[in-house]
Amino acid sequence: MAVTIREQLEEREVEYLSPYATLSRNSRGRQREEPQCDIRPVFQRDRDRILHCKAFRRLKQKTQVFLLPKGDHYRTRMTHTLEVSQNARTIAKALRLNEDLVEAIALGHDLGHTPFGHAGEKALNHVYHFQHQKQSLRVVDCIEKEGRGLNLTWEVRDGILNHQTSGTPHTLEGQVLRLSDKIAYINHDMDDAIRGGILTEEDIPADIREVLGSSCKARLNKMVHDVIINSMDQPEIRMSQQVGEAMSDLRRFMFENVYLNPRAKGEEEKAIHMIEQLFEYCVGHPEVLPQQFRDALSRGESSKEQIVCDYIAGMTDPYAVKKFQDYFIPESWKK
């Protein structure tokens, strides 16, 4: 029997990748068995499934940090995801890890994020225990494809679930993603804050700039290089103590001056109120849910509150505003 292209690519992984890399042929498999592709190894196939799913496309209209920004160049949840993916692929390639796996995790890690960024997450967590990393896993497991899910591999699902700082990914590729996510948002959120006049470069403490650099480009370059240098041929992904501590200091600085800054977050209370009101309305009026969610409710797959969370978390910013207007703002009378 002729060797397939997929099998040739899998053999190439064995020959080239690091001993610490996750080999496609050694995947723990999918929740539901299915025939292998003759061209694509399993993690490449997962990446393609995520890239083509509806939840991924909706990321382009979901807040990263600034709510409904008027400028064209502020990050959205989509551009954040792409920057995370690029950081992770750069690191994985240099360390000879599985680039397909790390890219699949990167593209899927924020699929469960709410409209209006962490304000939306805070609102849903207030009315119903909600965490976006768990919701991302629900999206790929049981919401996409009209409830059938994407049937991803165990390794990709593990990386998605454990991408938070407190997570414990079981693969080095998952560890790469967890750190790449933090590197991405610290740097691009700083860039957006400077663009928006919230900060200037000189506001960043001098000791942080001395270690990491005095521009977003320099800091991103420093962090990525530091991860690669300190993780080369090692069984874990890590930074040097000096750079890691400086990055943590910069992250704290961002929380104090951007993420909790009233100028940047002045509209968040409105967004939180809106999401909470949408939740309560949909719980009390399940007939307004789209058919897919009404079907899930009738099958008793999850609680009503969870299914309403599924619906609201999947909304884009403008769609959430429209639904709030539909439910709570009276229309002008027309004869």
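The questions below ask how terms are applied to this predicted model.

User: What should I know about the numbering and the values?

Analyst: Residues are numbered from 1 along each chain as its sequence is written. In this predicted model, local features need pLDDT of at least 70 and side-chain atom pairs count only at pLDDT 80 or more, while totals for chains, interfaces and linings use all residues; side-chain values use heavy atoms, without hydrogens and water.

User: Why is Gln-306 called buried?

Analyst: Buried means under 20% relative accessible area, exposed over 50%, and partly exposed in between, with a 1.4 Å probe and protein chains only. Gln-306 has 14% relative accessibility, so Gln-306 counts as buried. Its place is in helix α16, residues 304–313. Helices here are DSSP runs (H or I, at least four residues), numbered from the N terminus.

User: What makes the link between Gln-306 and Tyr-128 a polar contact?

Analyst: The term needs a pair of N or O atoms within 3.5 Å; within protein, one must be able to donate a hydrogen and the other to accept it, and residues adjacent in sequence count only if both atoms are side-chain atoms. The side chains of Gln-306 and Tyr-128 are joined by such a contact at 3.5 Å.

User: Which residues does Gln-306 contact, leaving aside neighbours within four places in sequence?

Analyst: Contact means heavy atoms within 4.5 Å. On that basis Gln-306 is in contact with Tyr-128, Gln-135 and Arg-138, neighbours within four places left aside.

User: What makes a set of residues a nonpolar core?

Analyst: The members are buried Ala, Val, Leu, Ile, Met, Phe, Trp, Tyr and Cys residues, joined through side-chain atoms within 4.5 Å. The largest such core has 66 residues, and Leu-111, Val-156 and Leu-250 have the most contacts inside it. Helix α9 (residues 172–195) gives the most to this core, ten residues. Apart from it lies another core of 28 residues, Leu-124 and Phe-324 among them.

User: How do you know that a space is a cavity and not a pocket?

Analyst: On a 1 Å grid over the protein atoms alone, a cavity is a set of points where a 1.4 Å probe fits but cannot get out; a pocket is an open set with protein on both sides within 12 Å along at least five of seven lines. The structure holds one cavity of 30 Å³ or more. The largest cavity has about 40 Å³ of space. The largest pocket has a volume of about 740 Å³. Of the 29 residues that line this pocket, the closest to its centre include His-113, His-118 and Glu-121. Helix α9 supplies the largest share of the pocket lining, five residues.

Terms used: On a 1 Å grid over the protein atoms alone, a cavity is a set of points where a 1.4 Å probe fits but cannot get out, and a pocket is an open set with protein on both sides within 12 Å along at least five of seven lines; lining residues have an atom within 4 Å of a point. Grid points are joined across faces, edges and corners, and a volume is the space filled by probe spheres set on the points. Helices (H or I, at least four residues) and strands (E, at least two) are DSSP runs, numbered from the N terminus.
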